[in-house]
Amino acid sequence: MGRLTILFLYFFFNLSEAKTAVFDFQVQVNLKNQTFTAKVIRILDGDTMEVLYQNTPIKIRLAHIDCPEKRGSQPFGNNAKIALSDLCFGQIVTVQGEKYDRYKRLIAVIINVKKQVVNQEMIKQGMAWHFKKYSTNQVYANLEIEARRKKIGLWQDSNAVAPWAWRKVKHKKKF
């Protein structure tokens, strides 16, 4: 084997070990039903972020809400990402972990430095739907009703498509 191949394999296996170590940390620590503080280091889209907890990145999916898709260019997808960033990027936040989803993301409620419940703020700003499939919380339902009534954010569009419906249509087009 050439030197480049050996070098590539070395970095590939070390990167794989690093990813496994992060996953092992999450499983070992198990942040389900835990409240902790962490720094928001990355916003992936309107309802997903990464925080740094004990020097380890943890991917978090915001509980109770679903935001327009950034990938696939759903209307308001980028706006939702910017709104989430404005609410908490770079801050030390309180994370109220609930459970893990099938993608190993921690489902959580986030409270920012202004003591705002970020998940609820996203709905108030018209940047998210109450994700009724996974949440029966009436506070979120009422916040969505109010945002719709006021035509805030994505509710300016009378034909706004819910993210779960958008994903379903996009998935069917692939085949």
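Biologist: Which side chain does a polar contact of 3.1 Å join to that of Asp66?

Modeller: This is a predicted model, where local features need pLDDT of at least 70, side-chain atom pairs count only at pLDDT 80 or more, and totals for chains, interfaces and linings use all residues. Residues are numbered from 1 along each chain as its sequence is written, and side-chain values use heavy atoms, leaving out hydrogens and water. A polar contact is a pair of N or O atoms within 3.5 Å; within protein, one must be able to donate a hydrogen and the other to accept it, and residues adjacent in sequence count only if both atoms are side-chain atoms. At 3.1 Å, the partner of Asp66 is Arg61.

Biologist: Is Asp66 buried or exposed?

Modeller: Buried means under 20% relative accessible area, exposed over 50%, partly exposed in between (1.4 Å probe, protein chains only). Asp66 has a relative accessible area of 1%, so Asp66 is buried.

Biologist: In strand 3, which residue is the bridge partner of Thr48?

Modeller: Strands are DSSP runs (E, at least two residues), numbered from the N terminus. Two strands pair if DSSP finds at least two bridges between them. Strand 2 and strand 3 run antiparallel, joined by six bridges. In strand 3, Thr48 is partnered by Arg61.

Biologist: How many residues of strand 2 are buried?

Modeller: Strand 2 is mostly covered. Of its six residues, the buried ones number five.

Note on methods. Helix = DSSP H or I, 4+ residues; strand = E, 2+ residues; numbered from the N terminus.
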